[in-house]
Amino acid sequence: MEQPVTHSETQALTHTDHQQHPIKLYLVVWGLLFVLSVCSYMVDYLGFQHYLRWGLILLFMVLKAGLIVAIFMHMAWERLALVYAVILPPVLVLVFVALMTSEAHYTLFTRMTFFGTAQ
Amino acid sequence: MSQSAQAKPEIALPRPAGLRGFASDWASDQRAFKNVSWGKAMMWIFLLSDTFIFGCFLVAYMTARVSTAIAWPNPSTVFALSIGGKEIPLILIAIMTFVLISSSGTMAMAVNYGYRRDRRKAAILMLTTALFGAIFVGMQAFEWTKLITEGVRPWGNPWGAAQFGSTFFMITGFHGTHVSIGVIFLVIIARKVWRGDFDTEKRGFFTSRKGNYEIVEIMGLYWHFVDLVWVFIFAFFYLW
């Protein structure tokens, strides 16, 4: 008697598990990615420099990456257990970036001090 | 009843949502990823490890670029092309970016049509994606050829810091390899979709298991990741 109940429950679950979204959403995101890419290309084409340049590059990069991960890779609809397992570890790369920035500046300092400007 | 509850415990108990759900999913005696198949979870974990590989490459590039006392070659002019007698900065890389983004768009739609069991449209969109990928690799081969004939080597180049060549070949080479593997992967899965393997539940050649349309989404995850990596390479290597 319980058999058919569990069967239909299983079917309902596997059905809702599929990532099914309207095609229009993908087309809108595609268009947004195009616009953002044009914007980041324009940063170079118009020759912005220094902090304006770096800020705009990072802004457009983060927006593009966010759209790809959230919509195209369906991360926006996954359970938090998976989202955090994937999104949090790469944050540690930023610690590595901070370490290596400091290290690279020290290397540059020693090169300038002990080898003049060469190499 | 008790047997099926044991096989799929997530059916028996509704899971809490949000942060509480995150904590309870990762709590003891649990399968952490409740509604995600092993195939999808493993692809995500592989992509996470690949993130660290490309992260290390970009950190190495940053370290080389910051620590050199010699000026870094200007990518805007290095990657310029003269079209109609006019030098357009970075134009080839911009076109490559648009090609890769378009391939991501067609891939996302292929996943959608796969789940709708519209195998003709899914297979055509996957082959379109593969074609865009092949065009991208072709343009990269053109770019490499151009730079090599201009004298760029892993140990030096005519314009400045020697590390420019080594980081360029390392990072774009690894990314191009990923795209090439993706194209092969796409063609294999597109053939299975076209043949209707997932409708007739034909068993796989290597695994002898029945496949389903989720493989299109898993394949899509890999492909979107390749596009994602390009976003970072474009920002840090070509634009910075």
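## A tour of chains A and B

Start with α10 of chain B. Its 26 residues should span 38 Å at 1.5 Å a residue, and the end C-alpha atoms sit 36 Å apart, which agrees. Keep in mind as you go that this is a predicted model.

Stay on α10(B) and colour by burial. Of its 26 residues, 22 are buried, so the helix is largely enclosed by the rest of the structure. Now centre on I233(B). Here α10(B) bends by about 30°.

**Chain B as a whole**

Select residues 1-35 of chain B, then 37-239. These are domain 1 and domain 2.

Next, select residues 43-240 of chain B. UniProt, in an unreviewed entry, places "domain: Heme-copper oxidase subunit III family profile" on this span. The span is 75% helix and 3% strand. Its end C-alpha atoms lie 31 Å apart.

**Where the chains touch**

Show both chains. On chain B, 47 residues are in contact with 52 residues of chain A. Which helices of chain B each supply at least two residues to the side that touches chain A? Select α3 (18-25), α4 (38-67), α6 (91-115) and α10 (214-239) of chain B. Then highlight α6(B), which gives the most to this side, with ten residues. Colour the side of chain B that touches chain A by class: 29 residues are nonpolar, 14 are polar and four are charged.

**Across to chain A**

Select α4 of chain A, residues 80-114. This helix has 35 residues. From first C-alpha to last it reaches 52 Å, close to the 51 Å expected at 1.5 Å a residue.

Which residues of α4(A) are buried? Pick A81(A), L82(A) and A85(A).

Step past the end of α4(A) to G116(A). This residue follows the helix and has a positive phi, near 65°.

**Annotated stretches of chain A**

Look at 23-43 of chain A: 100% helix, 0% strand, with end C-alpha atoms 31 Å apart. Then look at 55-75 of chain A: 86% helix, 0% strand, with end C-alpha atoms 26 Å apart.

How values were computed:
Residues are numbered from 1 along each chain as its sequence is written. Chains are lettered from A and ligands numbered from 1 in the order in which they are written. This is a predicted model: local features need pLDDT of at least 70, side-chain atom pairs count only at pLDDT 80 or more; totals for chains, interfaces and linings use all residues. Two residues are in contact if their C-beta atoms, placed from the backbone, lie within 7 Å. Helices (H or I, at least four residues) and strands (E, at least two) are DSSP runs, numbered from the N terminus. Ala, Val, Leu, Ile, Met, Phe, Trp, Tyr, Cys and Pro count as nonpolar, Asp, Glu, Lys and Arg as charged, and the others, Gly among them, as polar. UniProt positions are given in the numbering used here, feature names are shortened, and annotations may be inferred rather than shown by experiment. Domain bounds come from an automatic or database domain assignment. The expected span of a helix is 1.5 Å times one less than its number of residues. A residue is buried if 20 or more other C-beta atoms lie within 10 Å of its own, exposed if 12 or fewer, and partly exposed in between; C-beta atoms are placed from the backbone. The bend at a residue is the angle between axes fitted to the seven residues ending there and the seven starting there.
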